[in-house]
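Here is a short note to read with the model open beside you. Please keep the sequence in view and check each point as you go.

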Amino acid sequence: MEAERELKVGTLIVDMGRIAIITKVIKSGSLETTSSLINWRLNYEVVYSDGTIAVIGHGSLWRLKNAGIIEIL
């Protein structure tokens, strides 16, 4: 199992056969929000080749990687 290192902008991933790129690393407390219900931690903004944009938590991304669902290129 690979160490859960922080990924960088520009990292390519394959998510269930779809290619995507990390376009933003959102660190704890760095995104302005009016909702106190959101507890920000390290997140990644991911843009897929079809234009879909997703925000994936660091821990979730690594769990998916370790399960073989996401591949980090």
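Notes on the fold

1. The strands form an open sheet of five, in the order 4-3-2-1-5, with antiparallel pairing. Strand 4 and strand 5 stand at the edges, and each has a single partner strand, so one side of each is left without a neighbour in the sheet. On average, neighbouring strands of this sheet are turned by 35° against each other, direction ignored. Two strands count as paired if DSSP finds at least two bridges between them. Helices (H or I, at least four residues) and strands (E, at least two) are DSSP runs, numbered from the N terminus. Axes are lines fitted to C-alpha atoms, for helices over the stretch in contact, and angles run from 0 to 180 degrees between N-to-C directions.

2. This is a predicted model, in which local features need pLDDT of at least 70 and side-chain atom pairs count only at pLDDT 80 or more, while totals for chains, interfaces and linings use all residues. Residues are numbered from 1 along each chain as its sequence is written, and side-chain values use heavy atoms, with hydrogens and water left out. The term pLDDT is the predictor's confidence in each residue, from 0 to 100. The chain averages a pLDDT of 86, and 79% of the residues score at least 70. Confidence is lowest in helix 1, at a mean of 93, and highest in strand 1 (residues 12–15), at 97.

3. Strand 3 deserves a paragraph. Five of its six residues are buried, so strand 3 is largely enclosed by the rest of the structure. Buried means under 20% relative accessible area, exposed over 50%, and partly exposed in between (1.4 Å probe, protein chains only). On one side, strand 3 pairs with strand 2 (residues 18–26) in the antiparallel sense over six bridges, and E45 in strand 3 faces K24. Strand 3 is also joined to strand 4 by five bridges, again running antiparallel. In that pairing, N43 stands opposite G57 and Y44 stands opposite I56.

4. Strand 3 and strand 4 make a hairpin with four residues between them, and G51 in the turn has a positive phi of about 95°.

5. Leaving aside neighbours within four places in sequence, N43 is in contact (heavy atoms within 4.5 Å) with K24, V25, I26, V55, I56, G57 and H58. I53 belongs to strand 4 and is exposed, with a relative accessible area of 55%. With neighbours within four places in sequence left aside, I53 is in contact with E45, V46 and V47. I53 and A20 are 33 residues apart in sequence, and their C-alpha atoms are 9.2 Å apart in space.

6. Now the helix. The buried residues of helix 1 (residues 58–66) are H58, L61 and W62. They cover an arc of only 95° around the axis, which puts them on the same side of helix 1; the arc is that of the directions from the helix axis to the C-beta atoms. These buried residues pack against strand 3 (43–48), strand 4 (53–57) and strand 5 (70–72). Helix 1 lies across those three strands and runs at about 90° to strand 4. After helix 1 comes G68, which has a positive phi, near 85°.

7. Which residues make up the largest nonpolar core? There are twelve: L7, I13, A20, I22, Y44, V46, Y48, I56, L61, W62, I70 and I72. Strand 2, strand 3, helix 1 and strand 5 each supply at least two residues of this core, and its largest share, three residues, comes from strand 3. A nonpolar core here is a set of buried Ala, Val, Leu, Ile, Met, Phe, Trp, Tyr and Cys residues joined through side-chain atoms within 4.5 Å. I56 touches N43, Y44, V46, Y48 and L61, not counting residues up to four places away in sequence.

8. M16 has a positive phi of about 50° although it is not a glycine. M16 sits in the loop between strand 1 and strand 2 and counts as exposed, at 69% relative accessibility.
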